[in-house]
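This report goes through selected parts of one protein model. It takes up salt bridges, then helices, then a loop residue and a database record.

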Amino acid sequence: MRKGFLTFAAVGLLATGSMAACGDDSSSNDTGGSAAKKPKIGVILPDSKSSARWETADRRFLKEAFDAAGVESDIQNAQNDKNAFQTIADQMITGGVTTLMIVNLDSGTGKAVLDKAKSQGVATIDYDRLTLGGSAQYYVSFDNEAVGKLQGEGLAKCLTEKGVKNPTVAYLNGSPTDNNATLFKNGYDSVLKPKFESKEYTKGPDQAVPDWDPAQGATIFEQMLTQTGGKIDGVLSANDGLGNAAISVLKKNKLNGKVPVTGQDADVTGLQNILAGDQCMTVYKAVKKEADAAAELAIAVAKGERKETGQTVKDPESGRDVPSVLLEPKAIDKSTVKDVVADGYVDKAKLCTGAYAALCTANGIS
């Protein structure tokens, strides 16, 4: 899926060259006039319901990076509305952005927006999610198969610690329109599928959750629990929002803390669930480093420059090798929640409120 791998230390070390040096015509936009323009970056975030990170982390860190560079930016959220997504893009292009960075809602909508931007000489970047069949010049994200692998390994570890024999494992996968969800599943399947095949584990219900919607996730998981007669011993949940949805159902059935649940994004609720013992683990993705890498690229291409990333991701739909920056995720359990706080990703005051204050103290969060 990828060539090469950049860890956190690689961010900021991208080599700069001429945009004319792009070897892949399909990945380079006509930005010849960009160098004479004052850079203006447009960013379209996907929603604020599927994960808290988009508003609490990505918006903040991107804005800080652009402000620190003295570059004008316009960051908007499409709130999971495809029409709004396209309207925002049109307004940004008309408003003179020199680079457009998007987190697509689906590849079809994303491709239409990217192609229009390209036709108008606007540089483009896929942020966090690759737009399949798209024309973005760059892709900035995390190693998403590695994210899934950490989730699978984390769930297996928690099941072992609980001494569960032949556990039935249910999957709450991410949105079927999000290529990242496919990559996450590839990752955790690489860990868990061999256990299903060897009969060490039993494969339980396996379902995608439209739009990563926690409300739908709770309904789906409740149906799973009913379908199996309550026989679910572990939940591979693709992010913290879906993990919390599963936990809400487990609580109603007095099974919380007994059934390990995974997550991703290291949001406040997910970390609180871990401290309380209701969630097994999450995956922390240092969004600031992702935002900084994306901002660096956005500013460079807005000026008509080209950055050498040293790696590519192959678009499985078009076959195009997309110049990419992939960052390294980190598994988080109760013993390492403090690392997320120390990194400044979550506010201790928000995490360690009420009943969680004592749990924070007990787990070394200061």
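D206 has a relative accessibility of 32% and therefore counts as partly exposed. In this predicted model, the side chain of D206 meets that of K185 in a salt bridge, with N and O 3.3 Å apart. Because D206 belongs to strand 9 (residues 202–208) and K185 to helix 5, the pair ties together parts that are 21 residues apart in sequence. K185 is partly exposed as well, its relative accessible area being 22%.

**Salt bridges**

Side chains of opposite charge can pair when their charged atoms come close. Across the whole structure, a search finds 24 salt bridges. Three of them are set out here, including the pair already described.

| Pair | N to O distance | Relative accessibility |
|---|---|---|
| D206 and K185 | 3.3 Å | D206 32%; K185 22% |
| D178 and R129 | 3.1 Å | D178 4%; R129 6% |
| K111 and D115 | 2.7 Å | K111 31%; D115 29% |

How many residues apart in sequence are the parts that D178 and R129 tie together? The side chains of D178 and R129 meet in a salt bridge of 3.1 Å, N to O. D178 sits in the loop between strand 8 (168–173) and helix 5 (179–197), while R129 sits in the loop between strand 6 and strand 7 (138–142), so this pair links parts that are 49 residues apart in sequence. D178 counts as buried, at 4% relative accessibility, and R129 counts as buried at 6%.

K111 is partly exposed, at 31% relative accessibility, and D115 is partly exposed at 29%.

Salt bridges also link R53, D58, D128 and E290 in a network.

**Helix 3**

Helix 3 covers residues 107–119. Its 13 residues should span 18 Å at 1.5 Å a residue, and the end C-alpha atoms are 18 Å apart, which agrees. Which residues of helix 3 are buried? They are S107, T109, G110, V113, L114 and A117. Viewed down the helix axis, the buried residues fall within an arc of 160°, so they line one face of helix 3. G108 and S119, on the other side of the helix, are exposed. The cover over the buried residues of helix 3 includes helix 2 (82–94), strand 5 (99–102) and strand 6 (123–127).

Both ends of helix 3 have a local feature to note. At the start, a side-chain oxygen of D106 comes to within 3.1 Å of the backbone nitrogen of G108. After the helix comes G121, which has a positive phi, near 75°.

**Helix 4**

Helix 4 (residues 144–161) has 18 residues. From its first C-alpha to its last it reaches 26 Å, close to the 26 Å expected at 1.5 Å a residue. The buried residues in helix 4 are N144, V147, G148, L150, Q151, G152, G154, L155, A156, C158 and L159. Among the elements that cover them are strand 7, strand 8, helix 5, strand 10 (234–237), strand 11 (282–284) and strand 15 (330–332).

D143 caps the N-terminal end of helix 4, with a side-chain oxygen 3.4 Å from the backbone nitrogen of E145. Helix 4 is followed by G163, and the phi of G163 is positive, near 70°.

**Q264**

Is Q264 buried or exposed? At 1% relative accessibility, Q264 counts as buried. Q264 lies in the loop between helix 7 (240–252) and helix 8 (268–276). Its side chain is joined to that of K285 by a polar contact of 2.7 Å. Setting aside neighbours within four places in sequence, Q264 is in contact with V147, Q151, F184, A238, N239, D240, T282, V283 and K285.

**Database record**

An unreviewed UniProt entry places the feature "domain: Periplasmic binding protein" at residues 41–305. In the model, the end C-alpha atoms of residues 41–305 lie 15 Å apart. The span is 49% helix and 17% strand.

Note on methods: Residues numbered from 1 in each chain as written. Predicted model: local features only at pLDDT ≥ 70, side-chain atom pairs only at ≥ 80, totals over all residues. Heavy atoms only, no water. Helix = DSSP H or I, 4+ residues; strand = E, 2+ residues; numbered from the N terminus. Expected span 1.5 Å × (residues − 1). Buried < 20%, exposed > 50% of the residue type's maximum accessible area, 1.4 Å probe, protein only. Arc of directions from axis to C-beta. Contact = heavy atoms within 4.5 Å. Polar contact = N/O pair within 3.5 Å; in protein donor to acceptor, adjacent residues only side chain to side chain. UniProt positions renumbered as here; feature names shortened; annotations may be inferred.
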